[in-house]
Amino acid sequence: MIRILSIAPICWLLWQEAYEWALTLLVLAGLSDALDGFLARRYGWLTRLGAMLDPVADKLFVVAVFIVFGLKGDLPWWLIALVMGRDVVIVLGAIAYRLFTGRLDMRPLIISKVNTGLQIFLLATTLLHVALYPLPPWFNLGLQWSVAVTTVLSGAAYIWLWGRYAWRKGET
């Protein structure tokens, strides 16, 4: 919940170009996420609500910061549309799969984890680029294309995997 509640202030600080404060809140949100994950795994404090809120918080954060950087002209809109489009496809696919099969077991794929990691790295380097140290254009562009490629691969993997599961389920 702390991460979800921190999204609006972080976006506002980024919009106001108060980058030091935004970075401070980002680090605190990241540390709370790491601590939460560690405690949940270490002590078995796993809850269904926590399992749902964790990826929701990650997605809300990533999409919100992508939008702020897009509005400020720091990231291209085609990439933001691709990232958001993938998430919409996954959510709609999950809903359709759940309606069709009656059961949905959400487990992130490796390519999805790589994609999320690259998205967060892109946001961090974009913040570094606008706030402290301009990075070479080739670096920014290469990272943007890496995010684009893994976004497409991740979305396609979910479509293929869920389609295959649904097809098998339909045959039985």
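Let me begin with Tyr-43, which is partly exposed at a relative accessible area of 47%, where buried means under 20% relative accessible area, exposed over 50% and partly exposed in between, with a 1.4 Å probe and protein chains only. What we are looking at is a predicted model, in which local features need pLDDT of at least 70 and side-chain atom pairs count only at pLDDT 80 or more, while totals for chains, interfaces and linings use all residues. Residues are numbered from 1 along each chain as its sequence is written, and side-chain values use heavy atoms, with hydrogens and water left out.

Staying with the aromatic residues, a search of the whole structure finds 4 aromatic pairs; rings of Phe, Tyr and Trp (for Trp, the six-membered ring) pair if their centres lie within 6.5 Å, and planes under 30 degrees apart count as stacked, over 60 as edge-to-face and the rest as tilted. Tyr-43 and Trp-45 form a stacked pair, because their ring centres are 5.0 Å apart and their planes are at 25°. Trp-45 counts as exposed, at 55% relative accessibility. The rings of Trp-78 and Trp-145 are tilted, with centres 4.8 Å apart and planes at 35°. That pair links distant parts of the chain, since Trp-78 is in helix α4 and Trp-145 is in helix α6, 67 residues apart; helices here are DSSP runs (H or I, at least four residues), numbered from the N terminus. Trp-78 is partly exposed, with a relative accessible area of 39%, and Trp-145 is partly exposed as well, at 47%. Ring pairs also link Phe-121, Trp-138 and Phe-139 into a cluster.

Two rings carry a charge over them, in the sense that NZ of Lys or CZ of Arg is within 6 Å of the ring centre and within 35 degrees of the ring normal. The charged end of Arg-42 sits over the ring of Tyr-43, at 5.4 Å from its centre, and Lys-72 lies over the face of Trp-15, 5.1 Å from the ring centre.

Turning to helix α4, residues 77–101, its 25 residues should span 36 Å at 1.5 Å a residue, and the end C-alpha atoms are 35 Å apart, which agrees; the expected span is 1.5 Å times one less than the number of residues. Among the buried residues of α4 are Leu-79, Val-83, Arg-86, Asp-87 and Tyr-97. The helix is followed by Gly-102, whose phi is positive, near 85°.

Leaving aside neighbours within four places in sequence, Gln-119 is in contact (heavy atoms within 4.5 Å) with Lys-59, Val-62, Phe-66, Val-83, Val-147 and Thr-151. Its side chain makes a polar contact with the side chain of Lys-59, at 3.4 Å. A polar contact here is a pair of N or O atoms within 3.5 Å, where within protein one must be able to donate a hydrogen and the other to accept it, and residues adjacent in sequence count only if both atoms are side-chain atoms.

Ser-154, in helix α6, residues 137–171, is likewise buried, at 0% relative accessibility. Leaving aside neighbours within four places in sequence, Ser-154 is in contact with Arg-86, Ile-111, Ser-112 and Asn-115.

I will finish with Glu-17, which is placed in the loop between α1 (2–15) and α2 (19–43). Its phi is near 60°, a positive value in a residue other than glycine, whereas most residues other than glycine have a negative phi. Glu-17 is partly exposed, with a relative accessible area of 48%.

Key. Helix = DSSP H or I, 4+ residues; strand = E, 2+ residues; numbered from the N terminus.
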